[in-house]
Amino acid sequence: MILFDLDGTLIVSNGIWENIDTAFLGRRGLRSTEEYAHRMGQSIFPVAAQLTKDYFGLTITVQEIMDEWMALAGDAYHHVPLKPGAAEFLARCHAEGAPMAIVTACVPDLCRIALARH
């Protein structure tokens, strides 16, 4: 079994989240800090939303944060490219009959959007 991560491994999506943070915080007159960015990079979606709420003292709910992030990310994942060589490697693995799976912290709806495109 070959296991793959999605974000940053099969697709070029890491910059998407920096853009989402910038847009989300910018709407509130806020800016990311090095500490916040580091902590966010190690968090999964609901934990990251709670971290954002607590870190910036936001009055909106964690669900509202996630909903806004999803709205910002949805379009981006429709256009995210594969990493160079990923399509060829996956095709070779498939042709060889290798079982494959994606193991990722990516939000399932966003994964499905990217996978459907490719």
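I started with Glu68, which counts as buried at 16% relative accessibility (buried is under 20% relative accessible area, exposed over 50%, partly exposed in between, with a 1.4 Å probe and protein chains only). I am working on a predicted model, where local features need pLDDT of at least 70, side-chain atom pairs count only at pLDDT 80 or more, and totals for chains, interfaces and linings use all residues. Residues are numbered from 1 along each chain as its sequence is written, and side-chain values use heavy atoms, with hydrogens and water left out.

Next I looked up the partner of Glu68: a salt bridge joins Glu68 to Arg27, with the closest N and O atoms 2.7 Å apart (a side-chain nitrogen of Lys or Arg within 4 Å of a carboxyl oxygen of Asp or Glu). The pair links distant parts of the chain, 41 residues apart, with Glu68 in helix α4 and Arg27 in the loop between α1 (14-26) and α2 (34-40). I took helices (H or I, at least four residues) as DSSP runs, numbered from the N terminus. Arg27 is exposed, at a relative accessible area of 54%. I also found Arg28 in a salt-bridge network with Arg27 and Glu68.

I then checked the other bridges; the structure holds 4 salt bridges. Among them, Glu35 pairs with Arg39 at 3.7 Å between the closest N and O atoms. These two residues are 4 apart in helix α2, so about one helical turn separates Glu35 and Arg39. I noted Glu35 as partly exposed at 45%, and Arg39 as partly exposed at 39% relative accessibility.

Asp109 and Arg112 meet in another bridge (3.2 Å, N to O), and both lie in helix α6 (residues 108-117), 3 residues apart.
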